[in-house]
Amino acid sequence: MSMSSADSEAATLDLAKQLIACPSVTPADGGCLDLVAARLGAAGFACERFDRGGVRNLWARRGQSAPLVCFAGHVDVVPPGPVERWTTDPFMPVVRGDFLFGRGAADMKASVAAMVVALERHVAAHPDTHPDGAGSLALLLTSDEEGDALHGTAAVVEALTARGIAIDYGIVGEPTCAERLGDTIKIGRRGSLTGALTVTGVQSHIAYPEHGRNPVHTALPALAELAATTWDLGDSHFGPTSFQISNVHAGTGAANIVPGSLDVLFNFRFSPASSPDALMRQVEDVLRHHDVEFEIRWTLGASPFFTPPGVLARTLAGAIERTTGVAPRSSTTGGTSDGRFLAPICRELVEFGPVNHSIHAIDEHVRVADLGPLCEIYGALVAALVR
């Protein structure tokens, strides 16, 4: 490991430990944003808070000229679950063997630490460059990505839009890699559409079914058809739209009662080949075709977004390959991210971060040896885009 790589690893590890030690279960930030703002403020960034609805948001920017390069992410984490099942306290960062353990280590405090260190180092390496010289740097952080995501990145984007601010190059630090650092860049995400279906029946004694109407029986043919439907074939960048039932409930718990209603919760992860309106209409048409008496509440959690490979993706891929020796693949798989809020104001948007196989799990961890290269990749990206 070179001295530069060793320094990057040590600096990123130190800050990642400080961030993990902040108990920031969504929507709390646990002091993370004050820590980051103090460091970036010392590096010449103007730090603003856009707190709303109990959520804490940070917008830090240095310079006003184009292009605007913005790193983005979140400091909130999911609950640790049964603490007794963790090998060590989830909010007490510890290095064991090759890994740094702690809630948020991979998702995504390691990325936040790498971003901050990369930004500090870029400014330190160009101390004589006027902030308005040739490009601007920014960092957007929220404490509301793992929760409802109503008052986090979406709120900051609203404020930026009101000011007429657009981002040229956006980089979200979500953990994107599957097996090793550098193997995957996200250039888009599928949309998410949830349906809460209530099927109405008539409750009765189960020995006299003729006096009732069983909503489970009436709904099953429709649900079977929905589960077997091919919604679209996707496209060259997105896989086919998927339909999954996540929750089903009917009845009182007694074995001798025909239930009066059935509740079904389901979700679409949809590609741009299907629109939310078309999916909703098709589901309701199937239910009506099977004479199901129903009510349904729809929630559009995210629209799909896609950034055609351009300057940002090519520059990032080059930085990854030079740093790790890995040629990354471009992907649109996985769950939703705050990229869905940033995409409308970003000319180009990508997501890149560490290996994701332990996220949201007991003993979440990130490989220590990945921290230095991650920081260096972010730094190389900044150096290539902001002169």
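Which residue stands opposite Leu100 in β19? Hi everyone, let's find out together. One thing before we look: this is a predicted model.

Let's start with the sheet. It is open and has three strands, in the order β4-β5-β19, and the pairing is antiparallel. β4, residues 94-96, and β19, residues 365-367, stand at the edges with a single partner strand each, so one side of each has no neighbour in the sheet. If you look at how neighbouring strands sit against each other, they are turned by 30° on average, ignoring direction.

Now for the pair we asked about. Strand β5 covers residues 99-101, and it pairs with β19 in the antiparallel sense over three bridges. Here is our answer: Leu100 stands opposite Val366 in β19.

Next, please find helix α3, residues 105-125. Helix α3 lies across β5 and β19, and it runs at about 50° to β19.

Helix α3 has a helix partner too. How do we describe such a pair? Two packed helices are described by the angle between their axes and the distance between those axes. Here, α3 packs with helix α9, residues 371-385, at an angle of about 50°, and their axes are 8 Å apart. The crossing of α3 past α9 is right-handed.

Who makes the contact? From α3, the residues include Ala110, Ala114, Met115 and His122, and from α9 they include Leu374, Cys375, Tyr378 and Gly379. Sorting the residues of this contact gives twelve nonpolar, three polar and no charged.

Note on methods:
Residues are numbered from 1 along each chain as its sequence is written. This is a predicted model: local features need pLDDT of at least 70, side-chain atom pairs count only at pLDDT 80 or more; totals for chains, interfaces and linings use all residues. Side-chain values use heavy atoms; hydrogens and water are left out. Two strands pair if DSSP finds at least two bridges between them. Helices (H or I, at least four residues) and strands (E, at least two) are DSSP runs, numbered from the N terminus. Axes are lines fitted to C-alpha atoms, for helices over the stretch in contact, and angles run from 0 to 180 degrees between N-to-C directions. Contact means heavy atoms within 4.5 Å. A crossing is left-handed if the near helix is turned anticlockwise from the far one by less than a right angle, and right-handed if clockwise. Ala, Val, Leu, Ile, Met, Phe, Trp, Tyr, Cys and Pro count as nonpolar, Asp, Glu, Lys and Arg as charged, and the others, Gly among them, as polar.
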